[in-house]
Amino acid sequence: ITFVGAGTATITATVAANGDYCEDSITQNIEVSCDDNNLAFSTSSTTLKYGQTLDVATLITGGNGGAITYTTSGGTLNGSTFTAPSENGTYTITATQAANGTKCSATKELEITVSCDANDLEMSVSDASITMAESADISVSSSNNESAIEITVSPATGKLTDTAEGKRFTATAVGTYTITATQAADGTICKATVSQTITVSAAPY
């Protein structure tokens, strides 16, 4: 009998009935153990920026010589190469190695914290308080992120039109309006949102 894994093995021997003798069986439990598997990651955690890659196999030490499979709680994993998503968070890489010969199986985890570099998105408004007869010019800029910048206004009675420098705001009703600029992540640079308010009052008679 050859044992292929650790645990309790139950051996059963059965003899069939023969003449005056009844069928009978006996059992014996055998505890099967394995040698320690010292599989490990050389560090318990590491950090990456958006879009950066890491071959997690380069951090593996020890093991029993068998194949290692990798899974991830997020991001993209191609074989043993992890690509950081464009989303802040901590992701867990799990390395699993099956038993090999007399060596035990093992499972180890690596935590990867993904972050981004700050986006310097800015917005300027020519006048934060106007009348219904006036307009305000809005400009936005980011020196380190080349993604498109989307500018919106709320509520919908505010209007935005294109200018050479950005947008021009006008309103069809008095009130307070929020101008919001949103920019997606670009490479290792974070996504960002900035906003300003413009107060619109009635035009003088």
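Biologist: In what order do the strands of the open sheet of three strands stand, and is their pairing parallel or antiparallel?
Modeller: In this predicted model, the edge strands of the sheet are β5 (53-55) and β8 (76-78), each of which pairs on one side only. Neighbouring strands of the sheet are turned by 20 degrees against each other on average, with direction ignored. The pairing is antiparallel, and the order is β5-β9-β8.

Biologist: Which residue of β9 stands opposite L77?
Modeller: Strand β8, which covers residues 76-78, pairs in the antiparallel sense with β9 (residues 81-83) over three bridges. Within β9, the residue that stands opposite L77 is F82.

Biologist: How many helices and how many strands does the protein have?
Modeller: Helices and strands are read as DSSP runs, and a run counts as a helix from at least four residues and as a strand from at least two. Counted in this way, the protein has zero helices and 19 strands.

Biologist: What is the radius of gyration of the protein, and what does the globule rule give for 205 residues?
Modeller: Along its principal axes, the C-alpha trace spans about 120 × 40 × 20 Å. The protein is more spread out than a compact globule, because its radius of gyration is well over the value from the globule rule.

Biologist: What share of the 205 residues is buried?
Modeller: A residue counts as buried if its relative accessible area is under 20%. The protein exposes about 12,200 Å², of which carbon and sulfur atoms supply 48%. Of the 205 residues, the buried ones make up 27%.

Biologist: How many disulfides does a search of the whole structure find, and what pattern do they follow?
Modeller: A disulfide is a covalent bond between the sulfur atoms of two cysteines. The search of the whole structure finds two disulfides. With bonded cysteines counted along the chain, the pattern is 1-2, 3-4.

Biologist: How many residues apart in sequence are the parts that C34 and C104 tie together?
Modeller: The sulfur atoms of C34 and C104 are 1.8 Å apart and form a disulfide, and this link is right-handed, with 100 degrees about the S-S bond. C34 lies in the loop between β2 (24-32) and β3 (40-41), whereas C104 lies in the loop between β10 (89-97) and β11 (106-115), so the parts tied together are apart in sequence by 70 residues.

Biologist: Is C34 buried, partly exposed or exposed?
Modeller: Buried means a relative accessible area under 20% and exposed means over 50%, with partly exposed in between. The partner of C34 in the disulfide, C104, has a relative accessible area of 13% and is buried. With a relative accessible area of 28%, C34 is partly exposed.

Biologist: Where in the chain do C116 and C190 lie?
Modeller: A disulfide joins C116 to C190, with 1.8 Å from S to S, and both residues are buried. The torsion about their S-S bond is about 100 degrees, so this disulfide is right-handed. The pair ties together parts that are 74 residues apart in sequence, because C116 lies in the loop between β11 and β12 (122-125) and C190 in the loop between β18 (175-183) and β19 (192-201).

Biologist: Is the peptide bond from S154 to P155 cis or trans?
Modeller: P155 is found in the loop between β15 (149-154) and β16 (158-162). Omega of the peptide bond from S154 to P155 is near 0 degrees, and the bond is cis.

Terms used
Residues numbered from 1 in each chain as written. Predicted model: local features only at pLDDT ≥ 70, side-chain atom pairs only at ≥ 80, totals over all residues. Heavy atoms only, no water. Disulfide = S-S within 2.5 Å. Buried < 20%, exposed > 50% of the residue type's maximum accessible area, 1.4 Å probe, protein only. Pairing = 2+ DSSP bridges. Axes fitted to C-alpha atoms, helices over the stretch in contact; angles between N-to-C directions. Rg over C-alpha atoms; globule rule 2.2 N^0.38 Å. Areas by Shrake-Rupley, 256 points an atom, 1.4 Å probe, with all protein chains shown as cover.
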